[in-house]
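Hi,

Here is the structure I said I would pass on. Have a look at it first, and my notes on what turned up follow below.

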Amino acid sequence: MTYRLQGIPASTGIAIGPLVRYREQSAQRPTPRCDAAAVIPDQEWEHFSKALERSREQVTLLRDKTAAELGQEKAEIFASHLSILKDPEFLAEVRRKVFDEQKDAVAAVRETGLMFMELLRQLEDELFTGRIHDIEDIVSRIVQNMQGTGDESIKLEQPSVLTAVDLTPSQTAQLDRSMVLGFVTEGGSAVSHSSILARSLGLPAVVGIGPLPEIVDGATVIVDGNSGVVILNPDSGVLSEYEEKRKAYEAELQLVKAFADKPSLTKDGLKIEIAANIGSIKDLEGAIRNGADGIGLFRTEFMFMDRTAMPSEDEQFEVYKHVLERMKGKPVVIRTLDVGGDKQIPYIRLEPETNPFLGLRAIRLCLEKEDLLRTQIRAILRASVFGTLRILLPMVATLEELRRAKTIIIEEEANLKKRNVPVSETWELGIMIEIPSAALLADHFAPEVDFFSVGTNDLTQYTMAADRMNRSVAYLNRGLSPAVLRLVDMASRSAKAHGIWIGVCGELAGDPEAFALFVGLGITELSMGAASVPRIRSRLAALVSTEAAQWAERALRLESAEAIHQYISGVIG
Ligand code: PEP
Ligand code: MG
């Protein structure tokens, strides 16, 4: 029987091969009860300490192996495992369970792990999912070391597609690339560490597929990491369809890879900056590997999210400095804090709002809680001397907001200079064009900034009055609507009239059709997920800018996103 299942696409590519199901031991397994009278705490603690030491050695080896094979930043995952193995609160809780509650060491570690995982789960934030898996991974490692079940790596006898309830980052990092064609997990999310590792390993992966039917090992499975589709026992027609897709994907990949270190030029020689969006320093490696011309959007809010307290000015400074230094003079757009809406920070207490996307978000919040912005601006300006800095203000709707933010920036710059702290003389200031009012007033904004960056995600959401998180109205957020295109055109004309540059950093910048229309409208910078950089660059090389301008003219007169899609896919070829 054929099964067609839909999961979350976690790593691109298509894998076809025999299925092997990995049946793992889980940290969540019920704890076997132990007779408290038989527990000798000192012995249990010693047992635990030895397993802890062994685990630290194993993780250190794994960290060094990952650093050598995948680079320093991927190895950070295991550095974070090491930090859990040294975490004083974690160790104190295990100790308390052993000595005060007379638990055996295995139970003490499992229960402590479950307690920490539960605390993270209560935060109900996808960003913490990775941390939950890290703890689960560490707990099973310590337990295995205590029980002597040892080696957790997965051994395969022939090239296969692996399926599992879940894979820990350690298991993923140790997968033998010559044997694993791809993997499917019942749980997991696209931002979990194993998904991140799968992307670095170039392994097609689909996660969060839900319970898999009981199928014998060896059955054929197709994993489409591009769409999230998994097909078990495909018939011969489907099999050859996917064989073709796999070949086409691999051929495109080769072509596209060749563009990672090419200049970003249209066929007629127009230079367009193709930059990468990042959310943390972990994304930098991908930006560099894919040959991004710069960082077009550093969403700094993620640095504020995965933690329990505000990052200090110095901590922020170190991060911004690192990004600017690693980009070696290529421009880096650092966007000031954009929280609120779907991005909440536990330690910034916000009043509950009926419409968070229309509420105290981004620059509005920063102007209300000025200290937040002042601290961030000081950290950014201090880092400015380490590269080419561009500061970007999110969600600006009025001139007054821009002017208030500018005053703060100028005051902080003057204070730094007074204290003899070096600040670059050449940093630029820009605003996001992501609220229709900013696009409509672009002619007023343009004389007061150095650049515009269009956020098509929010510009679409606010133009269409359709919540970007609401599936029921997803049809209004899909594609490039002519209404949004007209607003981009307006902003672009104002930018040109005042001699400033304009970029696009929303998802549509990396869209293989929409990017051409943006180029046609005079956009000179496109910033996207790093993996899209070579693909868009290869398409740019085939684009004639004068033709793109004609297509944009025509698209502006069309009546719907669908009509634009039909039109552009016809002309772009
Ligand atoms: C956008 O709105 O298009 C954008 C780039 O910002 P974010 O997705 O972070 O809201
Ligand atoms: Mg936005």
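Arg361 puts a polar side-chain atom 3.4 Å from an oxygen atom of ligand 1. Before you read too much into any distance here, keep in mind that this is a predicted model. Glu434 also reaches ligand 1, with a polar side-chain atom 3.0 Å from one of the ligand's oxygen atoms. For Arg335, the gap between an N or O atom of the side chain and an oxygen atom of ligand 1 is 2.8 Å. How much of ligand 1 does the protein cover? On its own the ligand has 290 Å² of accessible area, and the protein covers 99% of that. There are 15 residues around ligand 1, and the ones that come nearest are Arg299, Arg335, Gly455, Asn457 and Arg468.

Glu434 and Asp458 are both buried.

On to the charged pairs. Side chains with opposite charges can pair up when their charged atoms come close. Counting a Lys or Arg side-chain nitrogen within 4 Å of an Asp or Glu carboxyl oxygen, the model has 38 salt bridges. A few that I looked at:

- Lys50 with Glu46: the closest N and O atoms are 3.2 Å apart. Both residues are in helix α1 (residues 41-70), four residues apart, or about one turn of the helix. Lys50 is exposed because its relative accessibility is 56%, with the cut-off for that label being over 50%. Glu46, at 45%, counts as partly exposed.
- Glu243 with Arg246: this salt bridge has an N to O distance of 2.8 Å. The two are three residues apart in helix α8 (residues 236-257), so about one helical turn separates them. Glu243 is partly exposed at 27% relative accessibility, and Arg246 is partly exposed at 23%.
- Lys247 with Glu244: here the closest N and O atoms are 3.9 Å apart. This pair also lies in helix α8, three residues apart, which is about one turn of the helix.

Salt bridges with shared partners also join up into one network made of Glu313, Asp314, Glu370, Arg374, Arg378, Arg382, Glu411 and Glu412.

Now for the surface. Which residues make the nonpolar patch of about 240 Å²? It is built from Leu440, Leu441 and Met490. Met490 is in helix α19 (residues 482-497) and is partly exposed, with a relative accessibility of 35%.

One last item, back in helix α1, where His47 is found. Is His47 buried or partly exposed? With a relative accessible area of 34%, His47 is partly exposed.

Cheers

Notes
Residues are numbered from 1 along each chain as its sequence is written. Chains are lettered from A and ligands numbered from 1 in the order in which they are written. This is a predicted model: local features need pLDDT of at least 70, side-chain atom pairs count only at pLDDT 80 or more; totals for chains, interfaces and linings use all residues. Side-chain values use heavy atoms; hydrogens and water are left out. Buried means under 20% relative accessible area, exposed over 50%, partly exposed in between (1.4 Å probe, protein chains only). Patches are made of residues with over 30% relative accessible area and no salt bridge: like charges are joined within 9 Å, nonpolar side chains (Val, Leu, Ile, Met, Phe, Trp, Tyr) within 5 Å. Accessible areas come from the Shrake-Rupley method with a 1.4 Å probe; for residues, only the protein chains shown count as cover. A residue is near a molecule or strand if one of its heavy atoms lies within 4 Å of it. A polar contact is a pair of N or O atoms within 3.5 Å; within protein, one must be able to donate a hydrogen and the other to accept it, and residues adjacent in sequence count only if both atoms are side-chain atoms.
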